Amino acid sequence: MRSSLTAQLLIAVLGWGIALLMFFPIFWMVLTSFKTEGAAIATPPQLIFAPTLESYAEVQSRADYLSFAFNSIAVSVGGTVLALAFAIPGAYAMAFHPSTRTRGTLLWMLSTKMLPPVGVLVPIYLLFRGAGLLDTRIGLILIYGLMNLPIVVWMLFTFFKEMPNDILEAGRMDGAKAWGEVWYLLLPLTLPGVASTGLLSLILCWNEAFWSLNLTSSAAAPLTTFIASFSSPEGLFFAKLSAASTVAVAPILVFGWLSQRQLVRGLTFGAVK
Amino acid sequence: MARNCPRALTVASLALMSGLIPAGAARADATLTVATVNNGDMVVMQKLSSEFEKQHPDIHLRWVVLEENVLRQRVTTDIATKAGQFDIVTVGNYEVPIWAKQGWLAPMEDLPASYDTADLLKPVRDALTYQDKLYALPFYAESAMTYYRTDLFDKAGLKMPDHPTYTQIREFADKLTDKTHQTYGMCLRGKPGWGENMAYVTSLVDTFGGQWFDMGWHAKLDTPEWHKAITYYSDILKQDGPPGATSNGFNENLALFAGGHCAMWIDATVASGMLYDKKQSQVSDKVGFAPMPVGDYAGGPTWLWSWNLGIPASSKQKPAAESFVAWATSKDYIKLVADKNGWVAVPPGTRQSTYDQPEYKKVAPFAGFVVNAINSANPTGSTKEPRPYLGAQFVAIPEFQGIGTQVGQTVAATLTGQMAVDAALKAAQSATDRAVKQAGYQK
Amino acid sequence: MTLRGHGALFWRVAAISVVVEFTKPKRQARKPGTLILVAPSVAVLLLWMIVPLVMTLWFSFQYYNLLNPAGAGFAGIDNYRFLITDPDFWASLGNTLILLGSVLAITVVFGTLLAVLYDQPFPGRNIARLLVVAPFFVMPTVSALIWKNLMMHPIYGVLGFLARSVGLEPVDWFAEYPMASVILILSWEWLPFALLILLTAVQSLDHEQREAARMDGAGPIAQFFHITLPHLGRAISVVVMIETIFLLTVFAEIFVTTSGGPGNATTNLAFLIYARALIQFDVGGASAGGVIAILLANIVAFFLVRTIARRLEV
């Protein structure tokens with residue numbers, strides 16, 4: 001107990017020190033977004049300066065933020081819902097009716113996720129062209145659903161696996177059909193797990209920058225495309241890029257912070273325990 | 001695809017009809033998707049395009065503005081798969097003849113007489129012409145020149161000659177470098193890429209008497225000329241260049257020069273307007289201009305780049321698209337920009353009439369250097385030895401993007417000391433030879 | 001177990017289990033209807049996975065360059081031969097594994113330490129936690145742009161400023177330590193993720209157990225190695241699994257910062273395929289690269305199974 005005060009002080013200093021260190025780049029980005037382009041490249045870097053909103057004004061005058069943000073929300077939510085819709089029955093089948101091939105299938109699915117997307121760009125582009133899906137939100141939702149499916153299936157699988165088979169059997173004796181079994185028994189019991197899977201998928205969709213850049217042009221373009229129109233033009237761009245990045249990152253960051261507890265709670269329940 | 005055919009037919013017949021019926025009368029509203037780069041001049045075009053929509057109430061514009069590399073991937077994929085996402089694309093003079101040959105771009109056939117194609121600077125116009133037809137119209141064009149800091153030259157008692165040589169430049173750079181004050185004698189592109197460091201390196205090699213390929217399409221990268229050029233390049237950057245040279249492209253160098261960190265910089269002429277602009281540059285009143293330095297061989301190809309607007313052959317709204325392209329590259333558009341933002345902000349390098357404009361000459365003291373540099377860029381000229389390809393700071397074959405980028409990486413490795421010049425050129429030679437062999441150029 | 005905080009749920013599960021225990025019939029055969037109901041979803045799911053794969057395989061045996069449509073045709077194994085004889089290819093395999101290994105090691109080790117740290121009470125802990133996990137929510141392109149331009153730039157960057165203010169030459173990160181710089185950025189992005197998961201696991205550790213260990217006179221370090229660490233095994237497996245999936249295909253960070261260089265110092269397999277597909281527009285070659293990437297993924301997956309996946313009961 002003698003060293004307890006020193007230890008506590010050390011822990012607090014370390015905890016805050018590391019937190020500030022990790023957060024510093026984001027803080028600096030936000031700070032830069034309030035500078036003029038000239039001040040953004042001043043050496044030494046300025047910590048105190050007259051803040052200006054001119055970069056934000058410039059960004060908004062060149063691209064309609066709300067339309068990009070709406071697309072981001074639509075495709076992230078859509079992709080997540082789609083992935084869950086396919087993954088829940090799949091994971092259910094694997095968890096409760098495993099066959100000798102289940103384990104192999106699951107790993108193989110995860111391994112397809114390790115294929116760099118650029119390797120299949122042209123085939124997908126040709127498919128999308130044929131189906132008229134280029135630059136549509138539906139097209140992007142399909143891709144995002146597919147993209148996150150392996151991870152979603154695997155996470156759900158681990159949550160479902162935790163559920164004693166006996167409980168389901170008890171339900172089954174009440175005469176529930178397979179769908180009813182999933183809907184009335186399994187999902188309510190594993191809700192925290194399903195929710196945190198959905199949250200993770202939502203974050204991954206929001207931040208995805210390859211398919212969104214290559215499969216959309218204007219009508220369905222999400223915030224990652226918005227960023228690409230402010231990075232590396234001819235001329236100075238640090239402040240404008242920071243402003244664009246700040247508004248693109250802010251929604252998901254706030255959302256992530258708010259849902260962090262839920263994310264963690266779900267993970268406690270299944271995969272991590 | 002089959003589903004699209006009837007639609008394509010009706011659109012084609014509509015287009016036909018609109019050619020027969022007096023213009024505008026039978027044309028339904030058209031929405032054009034314009035893909036462009038996020039450079040300043042294009043952003044101005046996007047902002048001013050509402051004027052065009054006012055003049056053409058039946059045409060609406062949708063904008064896709066992306067950074068250069070992403071745009072190039074996006075547009076190339078789309079046009080090569082004939083997916084038809086864009087009605088107007090922004091393309092470089094590197095792509096235009098190649099794509100025209102593939103039949104991917106629609107020729108500009110019905111330009112009004114007032115458009116005055118004869119007013120376009122000849123080298124720029126020639127680069128966009130394939131089999132006597134224009135396949136894109138130039139939005140702005142650039143060559144390269146030397147920028148230097150007049151105050152630093154004065155302080156060191158130096159004087160920039162009217163036609164500097166690379167030997168002189170090297171001496172200046174050594175004298176002007178003052179690393180303790182973060183002033184570097186020479187800034188050059190070091191970021192790997194066919195349009196980044198290799199654009200500069202190619203024109204440097206040309207003036208040192210080298211070339212990419214001989215008449216039999218054999219790579220010529222392990223020659224004494226390349227060796228001399230790369231040694232020069234890597235020495236000057238290592239000794240007099242800023243730290244982080246391998247991540248510096250045009251932009252990064254612009255920021256460095258504008259922030260007062262470079263005594264000299266050799267790069268695209270388009271930077272002159274930005275360096276001269278007080279809002280963007282801390283050295284706006286201390287910039288001097290000089291032509292690109294020469295080495296052992298003068299008069300060869302130097303540098304010519306233009307950003308152009310073209311219409312994909314897959315566009316279903318070609319007449320409407322052509323009217324926009326003609327508007328955005330016209331004399332009237334240049335005047336419009338001058339009225340709104342001042343003459344110094346007009347898109348440079350495309351029209352003689354811009355350079356004849358007294359107001360422009362008054363506000364842009366660099367104008368004379370720019371137009372001379374473009375007129376002497378000589379992209380179709382010969383290197384010291386005859387060459388089978390065209391292009392000034394690039395090789396005008398489709399494979400060059402890949403080859404140039406790979407060699408660019410190897411050249412960058414000489415800057416960080418990961419590779420010696422000898423080893424780098426040997427590797428670059430074998431990679432380049434392999435690539436043209438695989439593509440079937442060597443007989 | 002860890003249903004702490006899920007009281008209601010726990011009791012429902014327990015209650016049903018008790019009921020089941022008493023009324024359990026002989027193990028019930030699978031209802032015939034079940035699989036049929038599930039099969040369509042599973043089939044669609046498999047189809048979704050297989051279609052791009054088959055197309056990649058098909059294109060990998062074709063000459064298909066977008067810029068040169070005239071040269072299309074059956075290529076046999078030429079694309080593979082060309083890929084394997086490319087010296088950059090082997091370098092890229094090595095780089096892929098180095099990236100994967102280093103970032104995994106850094107995030108797991110520091111993630112564990114930080115998890116223990118942020119499990120301790122201190123004033124403002126909740127806010128500090130929010131700040132630490134923030135980088136995970138930032139888009140990879142944005143992260144890379146921030147680090148490249150605002151942090152590591154030798155002239156304007158904050159790190160360069162710090163170096164100069166203590167009288168050192170600023171480090172030219174992407175030229176001198178390209179791989180280490182990319183690893184640093186990736187670790188910054190993924191450490192919060194590891195922390196989030198590992199913290200969850202640490203929190204679920206039985207406090208009584210730790211209390212008992214302390215009574216037995218075990219110091220904090222002994223406690224960590226004998227109680228905390230073994231408990232984290234499964235959480236670490238989850239971190240390794242998910243991060244592996246993303247780290248094998250790292251692209252945006254490399255594209256933005258080094259473009260795979262200098263030389264081929266930071267070219268990983270994903271970037272090599274990108275260069276084939278979208279700089280050279282060689283679809284055949286890119287597809288061959290894609291197939292190799294899948295093979296690599298399966299090899300990695302095999303090792304994952306051998307080492308950690310067993311814990312996951314997969």
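Predicted model: local features only at pLDDT ≥ 70, side-chain atom pairs only at ≥ 80, totals over all residues.

Chain B first. How many residues of domain 1 of chain B are in contact with domain 2 of chain B? Nine, and they meet 10 residues of domain 2. On the domain 1 side of that contact in chain B, helix 4 (95-102) and strand 6 (137-142) each supply at least two residues. By class, that side of domain 1 has seven nonpolar residues, one polar and one charged.

Next, two strands of chain B. Strand 11 of chain B, residues 305-310, has six of its six residues buried. On one side of strand 11 are W305(B), W307(B) and L309(B), on the other S306(B), N308(B) and G310(B), and both faces are covered. What does strand 11 of chain B pair with? Strand 3 of chain B, residues 88-92, pairs with strand 11 in the antiparallel sense over four bridges. Within strand 11 of chain B, L309(B) is the residue that stands opposite T90(B). Strand 6 of chain B also runs antiparallel to strand 11, joined to it by five bridges, and Y140(B) has W307(B) of strand 11 as its bridge partner.

Strand 7 of chain B, residues 144-149, is mostly covered as well, with six of its six residues buried. A144(B), T146(B) and Y148(B) point one way from strand 7, while M145(B), Y147(B) and R149(B) point the other way. Strand 7 of chain B is joined by five bridges to strand 9, residues 262-268, and the two run antiparallel. A268(B) in strand 9 stands opposite A144(B). Five bridges also join strand 7 of chain B to strand 10, residues 287-291, again antiparallel. There, F289(B) of strand 10 is the bridge partner of Y147(B).

Within chain C, the assignment gives domain 1 (1-60) and domain 2 (77-312). Five residues of domain 1 of chain C are in contact with eight residues of domain 2 of chain C. The domain 1 side of this contact in chain C has two nonpolar, three polar and no charged residues.

Helix 9 of chain C runs over residues 178-203. Is helix 9 of chain C enclosed or open to the outside? Of its 26 residues, 21 are buried, so helix 9 of chain C is largely enclosed by the rest of the structure. At 1.5 Å a residue helix 9 of chain C should span 38 Å, and its end C-alpha atoms are 37 Å apart, which agrees. Helix 9 of chain C does bend, by about 35 degrees at W190(C), with the proline P192(C) following within four residues.

Last, chain A. Helix 4 of chain A has 32 residues, 65-96, and should span 46 Å; the distance between its end C-alpha atoms is 45 Å, which agrees. Helix 4 of chain A bends by about 30 degrees at A87(A), and the proline P89(A) follows within four residues.

That is the end of my part.

How values were computed: Residues numbered from 1 in each chain as written. Chains lettered and ligands numbered in written order. Expected span 1.5 Å × (residues − 1). Bend = angle between axes of the 7 residues up to and from the residue. Contact = placed C-beta atoms within 7 Å. Nonpolar A, V, L, I, M, F, W, Y, C, P; charged D, E, K, R; others polar. Buried ≥ 20, exposed ≤ 12 C-beta atoms within 10 Å, placed from the backbone. Pairing = 2+ DSSP bridges. Domains from an automatic or database assignment.
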